[in-house]
Amino acid sequence: NDPFFGSVQNGSQSSEGIEADLIWEPNANWSLLFNAAYVDARNESDIVSFGTVFAAGNQLSRIPEWSGRVAARYRFTEGALSGLGLGLGATYSDEAPLTDANVFFSDSYTVFDAQAGFQVGKVDVQLSIINLFDEDYVRPYQYLLQEVVRPGQERSIFLTLGVEI
C-alpha cells in the first residue's frame with residue numbers, strides 16, 4: 001500500500017463489446033474500408049486506490065466507448081494515369097474518462113488523412129498526409145500512476161519510396 005513502491009490490487013473490472021472490420025473491393029479500382037468498435041469497460045465493484053474509492057459501474061479510464069475508421073482508395077488501372085492511387089480516410093474516437101472517478105473526459109475527435117501513390121514497375125512512391133486539417137485534439141494515457149493527456153499527432157506529411165528487389 002506504499003504509494004512509492006507498490007500497490008494492492010482490489011476490485012474487479014469487465015469489458016464487453018464488439019468490433020467489426022470490413023474491406024470491400026467492388027472492382028479492381030476501388031477499395032473501401034470500414035471499422036467500428038464499441039467497448040463497454042467498467043468497474044464491476046468498488047475499487048480503492050490510495051484511499052480513494054471509485055464506484056462500481058464507472059467507465060474505465062482512457063477507453064472510449066465508440067471508435068472507428070472509414071477510408072476509400074481509388075487505383076487507376078488503365079490509361080495515362082495507370083499506377084496512380086488516391087485515398088481519403090477518417091478516424092473517430094469517442095470521449096474517454098481521464099480518471100477512474102469519471103469526473104473529467106477527453107473530447108471526442110475526428111481526424112482525416114489523404115494518400116497519393118504511384119507505382120511503375122518495381123518502384124512505388126507514396127505521399128501520406130496525416131491529420132489533413134491539422135485538428136487539435138488530445139489522447140488520454142497514464143504516466144507514472146498519473147492520468148494525463150497528450151496532444152494528438154499534428155498534421156504530418158510522409159513521402160516514402162519503395163523498390164522491389
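Which strand gives the most to the nonpolar patch? I began with this question and found that E13 does, with four residues.

**Entry 1: basis.** I note that the model is predicted, that local features need pLDDT of at least 70 and side-chain atom pairs pLDDT 80 or more, whereas totals for chains, interfaces and linings use all residues. Residues are numbered from 1 along each chain as its sequence is written, and side-chain values use heavy atoms, with hydrogens and water left out.

**Entry 2: nonpolar patch.** I listed the members of this surface patch as Val 123, Val 125, Leu 127, Ile 157, Leu 159, Leu 161, Val 163 and Ile 165, which together have about 840 Å² of accessible area. Patches take residues with over 30% relative accessible area and no salt bridge, joining nonpolar side chains (Val, Leu, Ile, Met, Phe, Trp, Tyr) within 5 Å and like charges within 9 Å. The areas come from the Shrake-Rupley method with a 1.4 Å probe, and for residues only the protein chains shown count as cover. E10 and E13 (156–163) each supply at least two of the patch residues. Strands (E, at least two residues) and helices (H or I, at least four) are DSSP runs numbered from the N terminus. I located Ile 165 in the segment after E13. Ile 165 is exposed, at a relative accessible area of 96%; exposed means over 50%, buried under 20% and partly exposed in between (1.4 Å probe, protein chains only).

**Entry 3: Gln 126.** I then looked up Gln 126, which sits in strand E10 (residues 123–130). Is Gln 126 buried or exposed? Its relative accessible area is 19%, so Gln 126 is buried. Leaving aside residues up to four places away in sequence, I found that Gln 126 touches Arg 73, Ala 116, Gly 117, Phe 118, Phe 158, Leu 159 and Thr 160; contact means heavy atoms within 4.5 Å. The side chain of Gln 126 also makes a polar contact of 2.9 Å with that of Asp 124. A polar contact is a pair of N or O atoms within 3.5 Å; within protein, one must be able to donate a hydrogen and the other to accept it, and residues adjacent in sequence count only if both atoms are side-chain atoms.

**Entry 4: salt bridges.** How many salt bridges does a search of the whole structure find? I recorded four, a salt bridge being a side-chain nitrogen of Lys or Arg within 4 Å of a carboxyl oxygen of Asp or Glu. One of them joins Glu 25 and Arg 75, at 3.7 Å from N to O. Glu 25 lies in the loop between E1 (13–24) and E2 (30–43) and Arg 75 in E5, so this pair ties together parts 50 residues apart in sequence.

In the bridge of Asp 113 with Arg 69, the closest N and O atoms are 2.8 Å apart. Asp 113 belongs to E9 (residues 109–120) and Arg 69 to E5, so the pair links parts 44 residues apart in sequence. Asp 113 is buried at 8% relative accessibility, whereas Arg 69 is partly exposed at 25%.

For Asp 40 and Arg 42 I noted a salt bridge of 2.7 Å between the closest N and O atoms. Asp 40, Arg 42 and Glu 65 are linked in a network of salt bridges.

**Entry 5: positive phi.** Most residues other than glycine have a negative phi. I found a positive phi of about 70° at Arg 62, in the loop between E4 (52–54) and E5 (66–75). Asp 134 has a positive phi near 55° and is found in the loop between E10 and E11 (138–143).
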